Every structure is written in C-alpha cells, then in structure tokens.
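Work through the exercises below with the sequence and the 3D structure in view. Try each task before reading its solution.

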Amino acid sequence: MQRVGEPGRPKAVRAAFDLSYQRLADAKPEQARLFRLLPTAPGPDLSISAAAVLDGRPESAG
C-alpha cells in the first residue's frame, strides 16, 4: 500500500489532508488527537469501543 506523498500519489491529496487536519486541530484539538491515534489500531476496521479505548475512555463509552 502506498502512503500519501509517495511517488504516484498526487500532492493535492496530501495537501487536502493537511488542511483538513489543521482545521480540525484548531477547532477541536481533542478530536484531532483521536484522529492521530486511529492509525495505531490494528486492522482495517475500528469499533466505537476500540476508539474509546484509544481515547483513554472506558470501552463502554460511546
């Protein structure tokens, strides 16, 4: 799998993610933090419970 910014990926995609993330970080830093943590979860899918654990909340949070 190629990562954004690698050869073959348009720089516009990277720029769009950067801009979107910056706006999120400015408006809602707690959501930006969770967004940064999402790639640390194993596998292609993430449940609400797993996202809560990443965010340091009890599994039943939702």
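**Exercise 1.** Is Arg 14 buried, partly exposed or exposed, and with which residue does Arg 14 form a salt bridge?

Solution. Step 1: Arg 14 has a relative accessible area of 42%, so Arg 14 is partly exposed (buried means under 20%, exposed over 50%, partly exposed in between, with a 1.4 Å probe and protein chains only).
Step 2: The salt-bridge partner of Arg 14 is Asp 18, and the closest N and O atoms are 3.2 Å apart. A salt bridge is a side-chain nitrogen of Lys or Arg within 4 Å of a carboxyl oxygen of Asp or Glu.
Step 3: Asp 18 is also partly exposed, with a relative accessible area of 42%.
Step 4: Both residues belong to helix α1 (residues 11-27) and lie four residues apart, about one turn of the helix. Helices are DSSP runs (H or I) of at least four residues, numbered from the N terminus.

The model is predicted: local features need pLDDT of at least 70, side-chain atom pairs count only at pLDDT 80 or more, and totals for chains, interfaces and linings use all residues. Residues are numbered from 1 along each chain as its sequence is written, and side-chain values use heavy atoms, leaving out hydrogens and water.

**Exercise 2.** How many salt bridges does a search of the whole structure find, and which residues are joined into one network?

Solution. Step 1: The search finds three salt bridges.
Step 2: Asp 55 and Arg 33 meet through their side chains in one of them, at 3.0 Å from N to O. This pair links distant parts of the chain, with Asp 55 in the segment after α3 and Arg 33 in helix α2, 22 residues apart.
Step 3: Asp 55 also forms a salt bridge with Arg 57, where the closest N and O atoms are 2.8 Å apart. Through shared partners, Arg 33, Asp 55 and Arg 57 form one network.
Step 4: Side chains of opposite charge can pair when their charged atoms come close.

**Exercise 3.** Where is Leu 34, and which residues does Leu 34 touch, not counting residues up to four places away in sequence?

Solution. Step 1: Leu 34 is in helix α2.
Step 2: With a relative accessible area of 22%, Leu 34 is partly exposed.
Step 3: Beyond four places in sequence, Leu 34 touches Ala 51, Leu 54 and Asp 55 (contact means heavy atoms within 4.5 Å).
Step 4: The C-alpha atoms of Leu 34 and Gly 56 are 9.7 Å apart, and the two residues are 22 residues apart in sequence.

Definitions and conventions:
Helices (H or I, at least four residues) and strands (E, at least two) are DSSP runs, numbered from the N terminus.
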